[in-house]
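Biologist: I am new to this structure. Please pick one part, look at it closely, and then tell me what lies around it.

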Amino acid sequence: MKKDARVPHIHLNQLKKSFDHTVVLDGINLKVNQGEFIAIVGKSGCGKSTLLRLIAGLEHYNEGSISIKDKELAGLNTQARIMFQDGRLLPWKRVLENVGLGLKGDWRQTAIAALRDVGLEGRMHDWPSKLSGGQKQRVALARALVHKPEILLLDEPLGALDALTRLEMQELIECIWEKEKITTILVTHDVEEAVALADRVILIEDGKIVLSKNINLSRPRQKTQQVFVNISEEILSRIVDPNEQNLRLIIK
Amino acid sequence: MKKDARVPHIHLNQLKKSFDHTVVLDGINLKVNQGEFIAIVGKSGCGKSTLLRLIAGLEHYNEGSISIKDKELAGLNTQARIMFQDGRLLPWKRVLENVGLGLKGDWRQTAIAALRDVGLEGRMHDWPSKLSGGQKQRVALARALVHKPEILLLDEPLGALDALTRLEMQELIECIWEKEKITTILVTHDVEEAVALADRVILIEDGKIVLSKNINLSRPRQKTQQVFVNISEEILSRIVDPNEQNLRLIIK
Amino acid sequence: QDGGTQQGKDAMSSDKSIRIGYQKNGPLVILKSLGTVEKELEKKGVKVEWKEFQAGPALMEALNAGSIDFGRTGDSPPIFAQASGSPIVYVAAGYSKYEGSGILIPKNSPIQSLADLKGKKIGFVKGSSSHYLLVKALEKAGLDYSDITPAYLQPGDARVAFEQGSIDAWVTWDPFTADTQLNSDATLLVNGEGLTSDRDFFVANANYAKKNKEILEIIVNQIQHSSEWANGHQKELVTMIAPLLKIDEKSIEMAVQRREYGVDPLTDEIKKEQQAKADTFYHLKIIPKEIHVEEAMMD
Amino acid sequence: MQARFKAGIRRMIPWALPVLLLVLWQLFSWNGVISDRILPAPSDVFTAAIELTSTGELTDHISISLGRATLGFLIGGLLGFFLGIMNGIFRFSDLLLDTSIQMLRNIPHLALIPLVILWFGIDETSKIFLVALGVLFPVYINTYHGIKNVEGDLIEMGKAYGLRGSKLFFSVIFPGALSSILVGIRFSLGVMWLTLIVAETISAHSGIGYMAMNAREFMQMDVIVLSILIYALFGKFSDMVAKYMEEKWLKWKT
Amino acid sequence: MQARFKAGIRRMIPWALPVLLLVLWQLFSWNGVISDRILPAPSDVFTAAIELTSTGELTDHISISLGRATLGFLIGGLLGFFLGIMNGIFRFSDLLLDTSIQMLRNIPHLALIPLVILWFGIDETSKIFLVALGVLFPVYINTYHGIKNVEGDLIEMGKAYGLRGSKLFFSVIFPGALSSILVGIRFSLGVMWLTLIVAETISAHSGIGYMAMNAREFMQMDVIVLSILIYALFGKFSDMVAKYMEEKWLKWKT
Ligand SMILES: Nc1ncnc2c1ncn2[C@@H]1O[C@H](COP(=O)(O)OP(=O)(O)OP(=O)(O)O)[C@@H](O)[C@H]1O
Ligand SMILES: Nc1ncnc2c1ncn2[C@@H]1O[C@H](COP(=O)(O)OP(=O)(O)OP(=O)(O)O)[C@@H](O)[C@H]1O
Ligand SMILES: [Mg+2]
Ligand SMILES: [Mg+2]
């Protein structure tokens, strides 16, 4: 498959979405290139999950359009794999089978390898109900990563993990993304995480993209670097103090 | 009720807990004083939730003992309210009724006030299924706080929240704790959060408490303070690099 | 010591009222429609309650349980009741109505004589007067019971099976015989003549009969009166019964015309007839033990 | 406009099959493919219905049966509900009673009639007893299943939040089991009619079951078919009631 | 030791009630409180059982009924299962068929017999048809409910992970509905016997239903009670089968 660099992999055009008369997304424009890593941040309830679900084709939108490689998205986005915010492991399948869901061929070996990556190889024969919160999340992460999809949509994949495990998982995500050149959209509430991983960080507010910041740091990124800290703080201050109207205008 | 300062509010003595032959907690000793704020950190799957559930009386332990105000805990801990890691809103009750669960008297007003505190007053007539991940978590938090229990057990209450909302919720928790002098145990994976809120931070590793650090900073605490950053980094380094055997010995 | 509590209670209440079980397709319906027995019994301070049953066995079941005091059935249910040790007594018998009972065959049936029944599937109600009629008919033709295939069917079901050709012949009684003859072009291969008398029997709960002989006598008398009325007013009788059974008047007319209503006392002849039936059923293993019908006859 | 048209069609589709059958049946009857002596044409059945209605017979039968059905349903349904709840919640009563109930459930009413007559006589009590007995089991089994399947996590949460006894029941257990309980009710609304016809073979002189069985005895095919159609319409009606309850009480499921 | 003792008691408690009833019944029979003409003593019933077994009659009846029951159960159960799945999954077939099925469900078998004879004659086909018809509905209604109640989130997840058609069905929908389907099967195992007795009033010469109805006709109370006891034991047995399936297939529910 030849990749045309000029055609964006994902193209959102004036996307509007409302639930029962409450507008959640109000004219979202976004072009994501093939192999790009986007991070989305924003306040709780601002519509991050909704945006991911729209790209995955799991939700109808009211206006605008979504194109995947210049083709209007109709129904499910088969190229994408989404890791849901709420895990959604099948309680009647053991951990291994949950990870192997939808895989073809020798899924067992692939799934075991993915479980090893998230450090849960030893739990592969357990029922999901026996896992801790963070363990469940890692199984869901493994399930999303194992498909090596063209588009990877991660909805707060590391929200329940401690600092150490979180670093390991960030490394894992970055490593797979680099190797496979997967177009990735990561929703996170951790700005540092966004800056550490993404090529571009996007901030959603009041249903609109109010900040779109390119991160031109070399990888792997050092969180202690001054540039890194500066960028993080810049974004953070925009979230924490959204009344800086001038900044918003500049970005537009 | 006269409070005897010398009798710990919660006293865990050589507590052991295993699931199907896997030992999760292996001899936990912990005394929590009346009105103390404890934060528990540790790697994913280390037994934090299990410890909270034991204190709430929701789980049987294998050895040792749990005393609440010198009385051995038998069955449910009626003084405690636990906020579960997985929210557990009742899908068939609207947001307001979920928050008012188990309240007596004029529960409606109390519940509305609690919802206002977490910024979701406007959603009180919605079904939980209509909420975003972070909104659900805040409803669960409101439900736990509204009881003003003697013992408050919070299991990663802010894991799904963005930076700003998280700060607001931290303030809320601190404020209620200060006002009501509630004995609080907070499980979190965010070390900064632990340091910002707790009187004492406890680290669990391999089923044991390997670090117990008193935080003697005045409140409200500034995260940018150097002492604050130092303490945070000290604890973080213990989590990230658990092989510093000497440090562990010193603390013991 | 007369059975369960339920029965005891019911027996008590029967002192002031009598509960009569009837079937729509029987002579008591005439009595009920005329309303004479109520008047007669009112003089004695006894009220009449009518209970409808769809089949004789169900009526015997209620009689056994003490839920009714008196009723009429065909000739075989009392035999089964006696065999099971139920406290019932024969009070009186009806006239023979052999003409309306017989073996029906469809139009163009290959069966032309009793001997042709061999190997055929024949529908009838197990343990009914038809069952007896068939056994006797086979006997007469020199056939064994095992030479035919029985299909135990209630009259309504049998009619459908007959029309559909699921059975080759059907043994039944009036008004089913008449209705099928007229409306389905069926023919009667034989009727009950010389095979069975196919009488009605009037039976009562033994305890009730012991204490209320007088009342039973009045009822039997009234049945006789109503029978006489029926025999003399066939037209009126037809218009009375047809809407009850919801069978067309022609069929009812045919059935009414080929029988005579009336009550016979329990003569030796009737006892013998009945005993022969009981013995046959015993040999067919329909009842588990031999019985003496006389023991259940009211003196 | 178009949406309304669509909704209209949606409301009509369910009736397509029954109406189609009726039409075919009528056509075949006219054609003579179906002999009317054996299966009367719908028009004949309709005539029979008119006739029976004009004499008031049909409404009598229906109203008497409805009375029996309702009473039996209430008794049996409530009993099944309470037994289901008890056995769903309390381990001991479950151990003690469930086996016995499962055994009773399997006994056909037709076989029970002799005993029922012994115990309850041949009047209304026995009929209502049978309906109640029939209705009891589907309600019981679905209530039991519903309660056993309420998410344990939610019950635990309820307890941890100080709910006990009836509060825990009405806030957590009952709503969690409700969807399954409604299935039981829906099913039992059908069973109600099935047992009523058996019950109405016991010395009855009215009721729709009596009408049907009487017609069966004398092979009045038009009345038999009429009563079958009436049962079918009752079925649809019961189902609408059940669906209405579902929509009302399970709103949160969207 | 003590644990084993406890488990033993736990296994015995369910039988306490039935056994107690039997004992009381026998005592009252000896006492004469229950007249044996009305309700034979358990010992008499036992004698009848022995007698019928020694002639081979009882085993004949049971095995023939079992054959009919099994065949009817398989046909009706599978049909109900497939209809339930179809209507649970596909909106259109739901719209088209559900109403019709709910109407059919309500028609008593006793009223249907004339039509069944008309369509299927008086031999085995009609009996098996009736059993199949009876079994169909509980399986249908519970399968339908089970499928409608599978968490939508999980189905969405399955689809998003590339599951389609049979894969989606066997990975997500079926396991999610299984617990409810098993309730349907459990219930239908009872209904199977209830309809069989009706079916066996159609020109039968054997079968346990025939035995019971025959005994009723000829007022053989001991045989009636015997058949009731046999039905009850079958009920317990069916229930054990259903429970075994539940334990096997719903392990994840611990
Ligand atoms: N019911 C159970 N049966 C078997 N094992 C269990 C059960 N519950 C928890 N565990 C195991 O016990 C360990 C501790 O679990 P716990 O939920 O306490 O972890 P945690 O510290 O809260 O982790 P996290 O930060 O991921 O929530 C884990 O390894 C988990 O898999
Ligand atoms: N099915 C629904 N019906 C009605 N409103 C909904 C529905 N789903 C989401 N919403 C609302 O839409 C808004 C956006 O929700 P979304 O889940 O996208 O938020 P989010 O940015 O992911 O938040 P969080 O960080 O808390 O997960 C929220 O206010 C939410 O309450
Ligand atoms: Mg979200
Ligand atoms: Mg946890």
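**The shell around ligand 1**

Modeller: Start with the residues that form the shell around ligand 1: they divide into 4 nonpolar, 10 polar and 4 charged. Keep in mind that this is a predicted model.

Which chains build this site? Residues from chains A and B surround ligand 1, so the site is shared between chains. There are 18 residues around the ligand. Those that come nearest are Arg123(A), Ser132(A) and Gly134(A) from one chain, and Ser49(B) and Thr50(B) from the other.

Now look at single atoms. An oxygen atom of ligand 1 sits 2.6 Å from an N or O atom in the side chain of Ser49(B). The side chain of Ser44(B) also has an N or O atom placed 2.9 Å from an oxygen atom of ligand 1. Gln85(B) brings a polar side-chain atom to 2.9 Å from an oxygen atom of the ligand.

How much of ligand 1 does the protein cover? On its own, ligand 1 has 630 Å² of accessible area, and the protein covers 87% of that. Two elements give two or more residues to this shell: α4 of chain A and α1 (48-55) of chain B.

The atoms of chain A give the detail. The side chain of Lys48(A) has an N or O atom 2.7 Å from an oxygen atom of ligand 2. Backbone atoms take part too. A polar backbone atom of Gly47(A) is 2.9 Å from an oxygen atom of this ligand. For Cys46(A), the distance from a polar backbone atom to an oxygen atom of ligand 2 is 3.3 Å. Ligand 2 has 640 Å² of accessible area on its own, and the protein covers 87% of it.

Chain A has another partner, chain E. In that interface, 25 residues of chain A are in contact with 18 residues of chain E. About 1,900 Å² is buried between the two chains, with 65% of it from carbon and sulfur atoms. On the side of chain A, Leu76(A), Arg88(A) and Trp92(A) lose the most area to chain E, together 33% of what that side buries.

Chains A and E have 3 salt bridges between them. Take Arg53(A) and Glu156(E): their side chains meet in a salt bridge at 2.6 Å, N to O. Polar contact joins 6 residue pairs across the interface. Which elements of chain A give two or more residues to the side that touches chain E? They are β6 (80-83) and α4 (133-145). With 4 residues, β6(A) gives the most. That side of chain A counts 15 nonpolar, 3 polar and 7 charged residues.

Finally, step back to the chains. There are 6 pairs of chains in contact, and chains D and E share the most contacts. Chain A and chain D do not touch, and their nearest C-alpha atoms are 11 Å apart. Chain B and chain C do not touch either, with 50 Å between their nearest C-alpha atoms.

Conventions. Residues numbered from 1 in each chain as written. Chains lettered and ligands numbered in written order. Predicted model: local features only at pLDDT ≥ 70, side-chain atom pairs only at ≥ 80, totals over all residues. Heavy atoms only, no water. Contact = heavy atoms within 4.5 Å. Buried area = accessible area lost by both parts, 1.4 Å probe. Salt bridge = Lys/Arg side-chain N within 4 Å of Asp/Glu carboxyl O. Polar contact = N/O pair within 3.5 Å; in protein donor to acceptor, adjacent residues only side chain to side chain. Nonpolar A, V, L, I, M, F, W, Y, C, P; charged D, E, K, R; others polar. Areas by Shrake-Rupley, 256 points an atom, 1.4 Å probe, with all protein chains shown as cover. Near = heavy atom within 4 Å.
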